[in-house]
Amino acid sequence: MYPKDYLYSNEHEWVKVEGDVAIVGITSFAQNQLGDVVFVELPTVGHVFDAGDEIGTVESVKAVAEIYSPLSGEVVEVNDALADDAEVINEDAHGDGWMVKVRFNNEDELKSLMDAEAYESFTQGD
């Protein structure tokens, strides 16, 4: 159900590592819990975050949820398409629904994230 080459946070964000850049989004589990996503607020390019910092919000018909940065680093790209079409997150949470790309600065933080199997077990206990 979850891409095997991604890593996952206990806050329900996914990370796809490409060199020193991490593509970040919310998991299909998170978007299912939220329901129909209607609005996304994302940080600006150049913003620097520590792991665990709030980097944005996702608003759905049910609730507003915070998005947390799974890694420390600088935002190098934002998925601007979500401003006009936030429901892409519901349609393709692990693909076109990506939110930000972060150039991370502490590779050791990757060790605190779960692989797909561990994340699936985690969500079954949630």
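Residues are numbered from 1 along each chain as its sequence is written. Because the model is predicted, local features need pLDDT of at least 70 and side-chain atom pairs count only at pLDDT 80 or more, while totals for chains, interfaces and linings use all residues, and side-chain values use heavy atoms, with hydrogens and water left out.

**Exercise 1.** Find which residues Leu-7 contacts, leaving aside its neighbours within four places in sequence.

*Solution.* Begin with the element: Leu-7 belongs to strand β1, residues 7–8, where strands (E, at least two residues) and helices (H or I, at least four) are DSSP runs numbered from the N terminus. Next apply the contact rule, heavy atoms within 4.5 Å, which gives Glu-13, Trp-14, Val-15, Leu-110, Leu-113, Met-114 and Asp-115 as the partners of Leu-7.

**Exercise 2.** Classify the ring pairs that link Tyr-2, Tyr-8, Tyr-119 and Phe-122 into a cluster, taking two of them in turn.

*Solution.* Rings of Phe, Tyr and Trp (its six-membered ring) pair if their centres lie within 6.5 Å, with planes under 30 degrees apart counted as stacked, over 60 as edge-to-face and the rest as tilted. By this rule there are five aromatic pairs. The ring centres of Tyr-2 and Tyr-8 are 5.7 Å apart and their planes stand at 70°, so this pair is edge-to-face. For Tyr-119 and Phe-122 the centres are 6.1 Å apart and the planes are at 35°, so that pair is tilted; these two residues, three apart in helix α4 (residues 116–125), are separated by about one helical turn.

Then consider burial, where buried means under 20% relative accessible area, exposed over 50%, and partly exposed in between (1.4 Å probe, protein chains only). Tyr-2 is buried at 4%, Tyr-8 is buried at 0% and Tyr-119 is buried at 0%, whereas Phe-122 is partly exposed at 29%.

**Exercise 3.** Determine how Lys-101 is placed relative to Trp-98.

*Solution.* A charge sits over a ring if NZ of Lys or CZ of Arg is within 6 Å of the ring centre and within 35 degrees of the ring normal. Lys-101 lies over the face of Trp-98, at 5.1 Å from the ring centre.

**Exercise 4.** Locate Val-38 and state whether this residue is buried, partly exposed or exposed.

*Solution.* Val-38 is found in strand β4, residues 37–41. With a relative accessible area of 46%, Val-38 is partly exposed.
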